Each structure stands twice: as structure tokens, then as C-alpha cells.
Amino acid sequence: MARAASRVGVPVCVSTMSVAPIEDIAAASTSPPWFQLYVWDDREATYGLINRVKSVGVEVLVVTVDGPVNGNREYNIRNGFGFPFQPSAKALLDIARHPSWTISVLGRQVVYRKGIALPHFPEGRQRGAICTTASLTWDDIRTLRGLWRGKLLLKGILHPADAQFARKVGVDGIIVSNHGARNLDSAPSPLEMLPTIANENGDEIAILLDSGIRRGSDIFKALACGAHGVMVGRAPLWGLAAGGEQGAYDILCLLLRELDRTMGHAGCCDLNDVDQSRLVFDDT
Ligand SMILES: Cc1cc2nc3c(=O)[nH]c(=O)nc-3n(C[C@H](O)[C@H](O)[C@H](O)COP(=O)(O)O)c2cc1C
């Protein structure tokens, strides 16, 4: 993913939960990756991780704030997905039916990391960690602001009051997101909340949006509603799963081509032309 993003000229954001270490991803990227931080209950360990990502050149820290408790992912119960990996007949059959994935993904983990592990976690917690943000408060964000000299973004803001608070605490930007609707299925869509948040804060902090970007026209709508940019999750991940680096690259190019085409149809020659006047709102 890092190589595909570098080819397109966009940064990749590495999760605390990543099975590949930030050092390897930074080495594969032409510009420094961003790092998504889950603040652990053990604050000293969290600050240690921050120093580690700083030392490999990370300049943008994305603090996820929308996981006070775990989501109730019934699909994971149904399909038997869990961490640590629970062997079952269904899982073994699945592995047997995907030999290429087994060799290139699972095999690599087994050879280089002796199994699936979370290399950003402290020793002893790398094979079974779960992240929630239950103990996170605005005081933590103030502390992080003091510790981190690079860009600091909060990911998972949906309420306009939280967006205002984030701005006052001094973060550089927010990511309006409902975590891809993976945490609370009744959460509003970020696109619904974006116009109010952007109108109130857009001149003073960077506003990004994620969750549900599947087409370049979705990027267009987010930009028109006041986002300065978007982040994408599953779209390139599906490309990656299907076709590796080239698959992810193809999806990123597809999104950019679709954005260009939508701009053309809407009469926009420049990204600065993309604004709410290009949209029709349904007031019903
Ligand atoms: C498989 C998967 C794992 C994710 N892991 C994390 C994570 O570790 N930290 C985080 O902040 N968000 C995580 N997310 C949420 C994404 O960062 C992002 O908010 C969401 O996927 C965006 O929606 P989209 O997939 O529709 O583009 C994950 C999403 C997926 C699909």
C-alpha cells in the first residue's frame, strides 16, 4: 500500500494495529508515512510509541478518538474473525482455498515475525491486543499537543461541538469520520455532518473526511461540502487484497480519474472551483 500510495503521490497512514512495522513502511515510502495512534491506558508506553514513530521521520500524527468501546461487529462473529487468530475448520478451509494469499501474506508473517503480531505494541501484548479509547480525555489531547511538534489530527469527529473543541485545543486538523460505520451502526454519515463542521471551522483547521468514499464523485461531494481532502480505507484495501501493490495503485488511479471526470461534468477546471454551488441538496 505504501508503494502504491507513493506512486500516486499521496501519503499512507499506518495504524497502531498494523502487522507491518512503521520502520518497514517508512523505508518503502517516498514521503514520510502518517501514523494513526491509539492512546493506550498505559500512557508511558503510548509516549514511547510516539518517540519511535518520530524517530523514523513521521510528521503527521493522527489520534483516533472514536472508539470509547469496541464496536459490535456481528459479521466478525459470523465469519469467525478474531484476534488472536482462532483456528477453526472454516478458517482452515478459507486458508486452503487462498494459497497465494496464504504464502504472500500469512507466510511472510510466519517467516519474519513468527506468526501474526502487532509490532507497535509493547512486548507481551503483541499477539492479543485490543484498542479502545475509553480513558482518553481532552486533557490527553492537550498533552499530546505539547509533546508532538508535527501536525496533529483527531480522527473520528462527528459532532460540531467536538470540532470546535478540537480547534480550541490547538490541533492542526480533524478527520470527520464514523470509522467506516464499523463502530456504531446508528452513527450519522460524515457527509451529513460535514457542512456544519466545515462552515464553523474550515478557515482555521484542516478538515478531512473518511468513511464511504468509493468513487471519485464521492470525493467531489466531500470537497464541495467543505472538506480539504479525504482519506480512503476499504477501496484501496480491496485493490490490495485482489492485486497487491498494482491493485491498490489501480484503485487510487481510478478514484483520481473519476474525480477529474466529475469535475469536468460539473464545470470545474480547478479544485478551488469545487464548492457547494455545484450540488443539489434534497431538503425532504
Ligand atoms: C480492516 C480495517 C481496519 C481498520 N483499522 C483501523 C485502525 O486500526 N485505526 C483506525 O483509526 N481506524 C481503523 N479503521 C477505520 C479506517 O481508518 C477508516 O476510518 C475507514 O475504513 C474509512 O472508511 P472506508 O473504509 O469506507 O473508506 C479500519 C478500517 C478497516 C476496514
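Strand β3 is covered on both faces: Val 60, Val 62 and Thr 64 are buried on one side, and Leu 61 and Val 63 are buried on the other. Here, buried means under 20% relative accessible area, with over 50% counted as exposed and values in between as partly exposed (1.4 Å probe, protein chains only). Please keep in mind that this is a predicted model, in which local features need pLDDT of at least 70, side-chain atom pairs count only at pLDDT 80 or more, and totals for chains, interfaces and linings use all residues. Residues are numbered from 1 along each chain as its sequence is written, and side-chain values use heavy atoms, with hydrogens and water left out.

**The sheet**

- β3 belongs to an open sheet of 7 strands with parallel pairing, in the order β1-β2-β3-β4-β5-β6-β7; two strands pair if DSSP finds at least two bridges between them.
- β1 (13–15) and β7 (229–230) stand at the edges with a single partner strand each, so one side of each has no neighbour in the sheet.
- Strand β2 (residues 34–37) pairs with β3 in the parallel sense over 3 bridges, and Gln 36 has Val 62 in β3 as its bridge partner.
- Strands β5 (residues 173–176) and β6 (residues 206–209) are also parallel, joined over 4 bridges, with Val 176 opposite Leu 209 in β6.

**The ligand site**

- The ligand is surrounded by 17 residues, the closest being Ser 15, Thr 64, Asp 210, Gly 212 and Arg 234; a residue is near if one of its heavy atoms lies within 4 Å.
- This shell divides into 3 nonpolar, 9 polar and 5 charged residues, where Ala, Val, Leu, Ile, Met, Phe, Trp, Tyr, Cys and Pro count as nonpolar, Asp, Glu, Lys and Arg as charged, and the others, Gly among them, as polar.
- Taken alone, the ligand exposes 600 Å², and the protein buries 80% of that (Shrake-Rupley method, 1.4 Å probe).

**Domains**

- An automatic or database assignment gives the protein chain domain 1 (2–70 + 130–278) and domain 2 (74–113).
- The centres of domain 1 and domain 2, taken over C-alpha atoms, are 28 Å apart.

Notes:
Helices (H or I, at least four residues) and strands (E, at least two) are DSSP runs, numbered from the N terminus.
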